[in-house]
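Me: Hi, I'm new to this one and would like a quick tour. Can I paste it here and ask as I go?

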Amino acid sequence: MVAALLTNPNFSSSLLSLKLGNVRPNSRSLIKCASVDYSHGGNVPKFPRVKVWDPYKRLGISPYASEEEIWSSRNFLAEQYAGDERSVESIEAAFEKLLMKSFWERKRTKINLKTRLKSKVEESPPWVKNLLNFVELPATVIILRRLFLFAFMAAWSIMNSAEGGPAFQVAISLGACIYFLNDKTKSLPRAAIIGFGSLVAGWLCGSILGPMVPTALLPTTWTLELITSLFAFLSLFVGCTFLK
């Protein structure tokens with residue numbers, strides 16, 4: 001075979017052209033595949049913050065951005081990286097997360113009593129603001145717990161009204177009121193003053209308003225002392241829960 005190639009150049013040229021002919025189709029197919037791959041994925045820009053967890057940082061905006069700024073950033077990025085599906089999904093996910101957060105914040109503001117009271121205080125006269133400096137609105141769970149305690153004391157006094165007076169229940173309520181105030185103010189003298197003041201205020205209100213209640217509306221076992229103690233329970237609850 002080697003001798004034939006050396007002695008017959010035409011034969012070697014024809015054989016070489018035959019081999020090159022067999023190679024060309026494969027070369028063309030490779031070039032074609034490469035051009036197809038490049039056209040489908042090579043020129044498309046990809047979003048560089050796909051793996052950023054914080055939705056604000058992913059969209060490139062401030063944590064205090066308005067809803068209009070969030071929409072603007074989302075539209076700009078979605079248009080810029082529209083050719084890459086993963087990039088668009090990442091942008092949309094961050095946008096939806098911020099949109100839901102904004103929705104819940106607006107809903108929470110509508111039902112948040114503390115926010116409403118704060119806005120009312122800011123609009124009130126100076127003397128009202130000074131007076132409200134002594135008042136606070138604790139968490140709902142604290143209000144419910146203390147309301148349950150003083151309601152239980154009131155119910156206990158009503159159930160034992162036929163047997164004796166409510167002095168023992170009032171004493172326990174006064175002690176609980178001073179305890180709660182001391183835990184809040186970290187000052188036992190201040191807590192004692194507010195606690196005794198709440199008791200006196202409730203007792204005075206009961207002594208004045210109690211006789212005005214028609215006796216026909218009250219059970220026969222209810223005395224003026226019991227009615228007065230109910231006002232005292234209410235006053236102690238308000239004092240230890242809302243005063244500071």
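Me: How many salt bridges does a search of the whole structure find?
Reply: The search finds three. Keep in mind that this is a predicted model.

Me: OK, which residue does Arg74 meet in a salt bridge?
Reply: Its partner is Glu92, with N to O at 2.9 Å. Arg74 is in helix H4 (residues 67-80) and Glu92 is in helix H5 (residues 85-111), so the pair ties together parts 18 residues apart in sequence.

Me: And what does Glu136 pair with?
Reply: The side chain of Glu136 meets that of Lys184 in a salt bridge, 3.1 Å from N to O. Glu136 sits in the loop between helix H7 (126-132) and H8, while Lys184 belongs to helix H9, so this pair links parts that are 48 residues apart in sequence.

Me: Is Glu136 buried or partly exposed?
Reply: Glu136 counts as partly exposed, at 27% relative accessibility. Lys184 is also partly exposed, at 26%.

Me: Which residue forms a salt bridge with Asp183?
Reply: That's Lys186, and the closest N and O atoms are 3.8 Å apart. Asp183 is partly exposed at 46% relative accessibility, and Lys186 is exposed at 66%.

Me: Switching topic: which residues touch the most other members in the largest nonpolar core?
Reply: Phe150, Cys177, Leu181, Leu199, Leu236 and Cys240 do, out of 19 residues in that core. At least two core residues come from each of helix H8 (140-159), helix H9 (167-185), helix H10 (188-209) and helix H11 (224-242).

Me: Which helix gives the most to this core?
Reply: H9 does, with seven residues.

Me: What is Leu181 in contact with, leaving aside neighbours within four places in sequence?
Reply: Leu181 contacts Lys186, Ala191, Ile194, Gly195, Gly239, Cys240 and Leu243. There is also a second, separate core of twelve residues, and Tyr56, Ile70, Ile91 and Leu98 are among them.

Me: Last one: is Cys177 buried or exposed?
Reply: Cys177 is buried, with a relative accessible area of 0%. Cys240 counts as buried too, at 0%.

Technical notes. Residues are numbered from 1 along each chain as its sequence is written. This is a predicted model: local features need pLDDT of at least 70, side-chain atom pairs count only at pLDDT 80 or more; totals for chains, interfaces and linings use all residues. Side-chain values use heavy atoms; hydrogens and water are left out. A nonpolar core is a set of buried Ala, Val, Leu, Ile, Met, Phe, Trp, Tyr and Cys residues joined through side-chain atoms within 4.5 Å. Buried means under 20% relative accessible area, exposed over 50%, partly exposed in between (1.4 Å probe, protein chains only). Helices (H or I, at least four residues) and strands (E, at least two) are DSSP runs, numbered from the N terminus. Contact means heavy atoms within 4.5 Å. A salt bridge is a side-chain nitrogen of Lys or Arg within 4 Å of a carboxyl oxygen of Asp or Glu.
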